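Here are my notes on the model below. Please keep it open while you read, and check each point against it.

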Amino acid sequence: MKILVPVKQVPDTATQVKIGADPKGIDTAGITWIVSPYDEYALEEALRIKEKQGQGEVVAVTVGPERAKEALRSCLAMGADRALHLSDPAWENADSLTVARALAAVIKQEAPPLVLFGRQAIDDDMGAMPAQVADLLGWPCASWIMEETISEDGKSVRAGRQVEGALEIFTIPLPCVLSAQKGLNEPRYPTLKGIMGAKKKEIKDVKAADLGLAADGAQLLVVALEALPPRPPGRIIPGEPAEAVKELVRSLREDAKAI
Amino acid sequence: MASAFWCIVEDDRAGRPKKVTGEVLGEAARLARQLGGQAEAVWLTDKATDEGLKQLAEWGAARVWLLENPALAPYRGEVWTPALAELATQHGVQAIFGAVTARQRELLARLAARIGVGLSADSVAFSLQDGKLVATRPVYAGKLLSKVTWSKPPWLATLRPNVFRLEDPKTGATPQVERPAVAIPQGTMTLAERKEEASTGLPELAEADIVVSGGRGMKGPENFAILEELAKVVGAAVGASRAAVDAGWRPHRFQIGQTGRTISPKLYLGFGISGAIQHLAGMRTSKIIVAVNKDPEAPIFKVADFGIVGDLFEVAPLLTQEFKRLLEK
Ligand SMILES: Cc1cc2nc3c(=O)[nH]c(=O)nc-3n(C[C@H](O)[C@H](O)[C@H](O)COP(=O)(O)OP(=O)(O)OC[C@H]3O[C@@H](n4cnc5c(N)ncnc54)[C@H](O)[C@@H]3O)c2cc1C
């Protein structure tokens, strides 16, 4: 079975991000880039499906600038068979919907029965992509899945989505979109052999025109990024534990009115 | 009506809207008033109740659009989206708001794609500038805020729970209920099983006013009983750091942070948590933060409003006692 895994390159979670000279974006100088962690769960799951079935193909896809090739290279090192790099001026400063349209178009061309996303990219934290792509394709979708099994006949998937207070397990006909939640699996580290092998695997460049798309203009516009308002300075309550606890509870009640 | 702000109802699957819907209606009503419009509720359900409808009116819904159909439960995006899109297109609404919940975060994204408009997910503030909506949303794991606006209406947004105020209840308000004729597709995915989580008897993490949270400093799964004791006394939910979750001490759904849940309770109490940047991402919008850690240099003290440097195994039980004493008064 062919499985498509869209991924996004994002700043490392430990990065102190700073607002850029153009306040609509961040200052990218000195940033370490990684594959968004949730996308690794998605890729891992796709690789496991392929291994279990003993056949198939895992294709990593990204929409992003030239540096995003590194993210695809990481996916190939983990075990993806090939990669597609959607890179075009039409997608610079794209909003979710523009990216979703690009991904939907490439998915139509590739026609995989399953698309596995991470639940959200940890840069803009929008989390809209899996559902938007599903809707543009007219496919069913289960978000934040914690488990999945492809049926014997390869025509459907049983997937458990995390909702408040429960896991809802659906039988979903393929093709469909799933998005991975943490807990679905533990992603593997690339082996040295994988890293060496990745250099020989194909990363194909795809332009907007290849997908029959023209620049469509963002629907959601970033006005500006802003720093967080500073939190008022805190207070370490001194003293013996029993005394400190008394004072803490008094402060929570009387000063902070939090209880 | 041109300046209608629609609010998608989040319910308990038994005909009662959840409090977060009151928050969404409250914010929608405040914004709509500035444009001479009103907040309206849209309820997709297999079964509404009269009390539920009344509750929506009391929370400020000037009208309730009710789509009641067995195919609407359980929530499936492929079923809800076309129905809602048809209704929205018929009525030319100004905005459609939802809550950041499992179903609505997916629904609003699908709907935005279907109608071809922008979506501001996980919004924490709104303003109107020259008659246009501007939303504020945390990005980069809450390290920065992003102000966004829409190139055209309807303005779609999801709102973070526990951030927005309810309006003063319109006690005794009677709901004006509309039952529009809208095609509800049957859908292709079917629910095979619903596995309820073992009830902790404590509130849901995202909705709780108070969250007690434990990290690697808890030293083992059995010690979370200490935090549950405390949580029971103050009616809190119990969360955990990733270190505690990855050690297998707590299930994934209780993880707070960048790769877990984002919470904004009135009060967050962290025990044996160092305050890694990825953890702060999930709780730094809490109104009051309390940290208990034996290391005075722990970064969590940088965001804490109150801190106690000490052994949590000593402090937590004392705190439970002290809260008990206070609340028994
Ligand atoms: C991609 C990525 C995503 C991540 N996502 C998340 C996330 O979503 N959520 C998250 O929490 N982390 C996340 N992390 C992990 C994060 O970096 C930290 O490793 C983690 O938060 C540490 O958990 P902790 O504070 O419980 O443990 P530690 O950092 O080990 O801290 C334990 C603390 O307990 C204190 N302590 C020990 N014993 C006692 C005692 N008896 N009394 C009082 N204090 C005591 C210690 O002084 C110490 O400060 C992520 C990391 C990465 C790389």
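1. Start with helix α2 (residues 50–58) of chain B. This helix lies across β2 (38–45), β3 and β10 of chain B. α2(B) runs at about 155 degrees to β2(B). Axes are lines fitted to C-alpha atoms, for helices over the stretch in contact (heavy atoms within 4.5 Å). Angles run from 0 to 180 degrees between N-to-C directions. Helices (H or I, at least four residues) and strands (E, at least two) are DSSP runs, numbered from the N terminus.

2. A word on the basis. This is a predicted model, in which local features need pLDDT of at least 70 and side-chain atom pairs count only at pLDDT 80 or more, while totals for chains, interfaces and linings use all residues. Residues are numbered from 1 along each chain as its sequence is written, chains are lettered from A and ligands numbered from 1 in the order in which they are written, and side-chain values use heavy atoms, with hydrogens and water left out.

3. Now the sheet in chain B. Seven strands form an open sheet, in the order β5-β9-β4-β1-β2-β3-β10. The pairing is parallel; two strands pair if DSSP finds at least two bridges between them. Its edge strands are β5 (119–123) and β10 (177–178), each pairing on one side only.

4. Strand β3 (residues 64–68) of chain B pairs with β10(B) over two bridges. W65(B) stands opposite E178(B) there.

5. Next, the hairpins of chain B. Strands β6 (residues 125–129) and β7 (residues 132–139) run antiparallel, joined by five bridges. A125(B) has T136(B) as its bridge partner. Two residues separate β6(B) from β7(B), and D130(B) in the turn has a positive phi of about 50 degrees.

6. β7(B) also pairs with strand β8 (residues 144–150) of chain B, in the antiparallel sense, over six bridges. V139(B) has L144(B) as its bridge partner. This hairpin has four residues between the strands, and Y140(B) takes a positive phi near 50 degrees. How much of β7(B) is buried? Seven of its eight residues are buried (under 20% relative accessible area, with a 1.4 Å probe and protein chains only).

7. Finally, the cysteines. A disulfide is a covalent bond between the sulfur atoms of two cysteines. The search used a cut-off of 2.5 Å between sulfur atoms, and found zero disulfides over all chains. C75(A) is buried, with a relative accessible area of 1%.

Definitions and conventions:
Buried means under 20% relative accessible area, exposed over 50%, partly exposed in between (1.4 Å probe, protein chains only).
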